[in-house]
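Reader: I have the entry open and would like to go through its fold with you. Could we settle the terms as we proceed?
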Amino acid sequence: MGSEARYTELRLPLRGLPYVALLVAPCPRYTFVRAFDVFRVGAERREDGSVEVVHHLPDQDAVYEIDQSLNGRRLRWYAATVLGDPVHHRIRRFGAKLVVQKRMSIRQVLKTFTESHKVPSEQEDHA
C-alpha cells in the first residue's frame, strides 16, 4: 500500500503502570469493553532517568480511557481522537459512554462534553 499509517503520539510516565484502553463497546457490568494497550509501541528513557510509555493512536475517530499516576495519585481520564485532527481531546466519562453506546457522535460529544482543562502531561508533574 502506498500510504503510510498516520497516528498521534501519546506519552505517559511509566510510574504506576499506566494504560491506554480503546473503548470498543458498552458493557452492562463494567460500563465499557476495553482493548488494553493495543497501540503501545514501547518505552523510552528520558535524560532525567524517568521512563515514558509511548502509544501511537491511529488517526481515526475513537475514544480512549487513559489511566496514569500524576503527582503520586491515580488519574483516569478520557480522550477522543478525530480523523485528521492531531489533538487528544479530553472529554467527560459520560461523553465517552454516549459515543460507545452510539447515542452521539464524537463531534457532538466534543461540542457538549469537553473537559475544561488540558490533557495532563509529564511537564505538569514536575511543576
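This is a predicted model: local features need pLDDT of at least 70, side-chain atom pairs count only at pLDDT 80 or more; totals for chains, interfaces and linings use all residues.

Reader: Which residues of helix 1 are buried?
Author: Gly95, Ala96, Leu98, Val99 and Val100 are the buried residues of helix 1. Their cover includes strands 2, 3, 6, 7 and 8, together with helix 2 (106-112).

Reader: And at what angle does helix 1 run to strand 3?
Author: Helix 1 (residues 93-100) runs at about 85° to strand 3, and lies across strands 2, 3, 6, 7 and 8.

Reader: Turning to the sheet, what is the strand order?
Author: The order is 3-2-6-7-8, in an open sheet of five strands with antiparallel pairing. Strand 3 (31-36) and strand 8 (85-91) are at the edges with a single partner strand each, so one side of each has no neighbour in the sheet. On average, neighbouring strands of this sheet are turned by 40° against each other, direction ignored.

Reader: How many bridges join strand 2 and strand 6?
Author: Four bridges, in the antiparallel sense, pair strand 2 (residues 19-27) with strand 6 (residues 62-70). Val20 has Ile66 in strand 6 as its bridge partner.

Reader: Asp67 is in strand 6 too. Is Asp67 buried or exposed?
Author: Asp67 counts as buried, because its relative accessibility is 6%, and the cut-off for buried is under 20%. Leaving aside residues up to four places away in sequence, Asp67 touches Pro18, Tyr19, Arg74, Leu75 and Arg76.

Technical notes
Residues are numbered from 1 along each chain as its sequence is written. Side-chain values use heavy atoms; hydrogens and water are left out. Two strands pair if DSSP finds at least two bridges between them. Helices (H or I, at least four residues) and strands (E, at least two) are DSSP runs, numbered from the N terminus. Axes are lines fitted to C-alpha atoms, for helices over the stretch in contact, and angles run from 0 to 180 degrees between N-to-C directions. Contact means heavy atoms within 4.5 Å. Buried means under 20% relative accessible area, exposed over 50%, partly exposed in between (1.4 Å probe, protein chains only).
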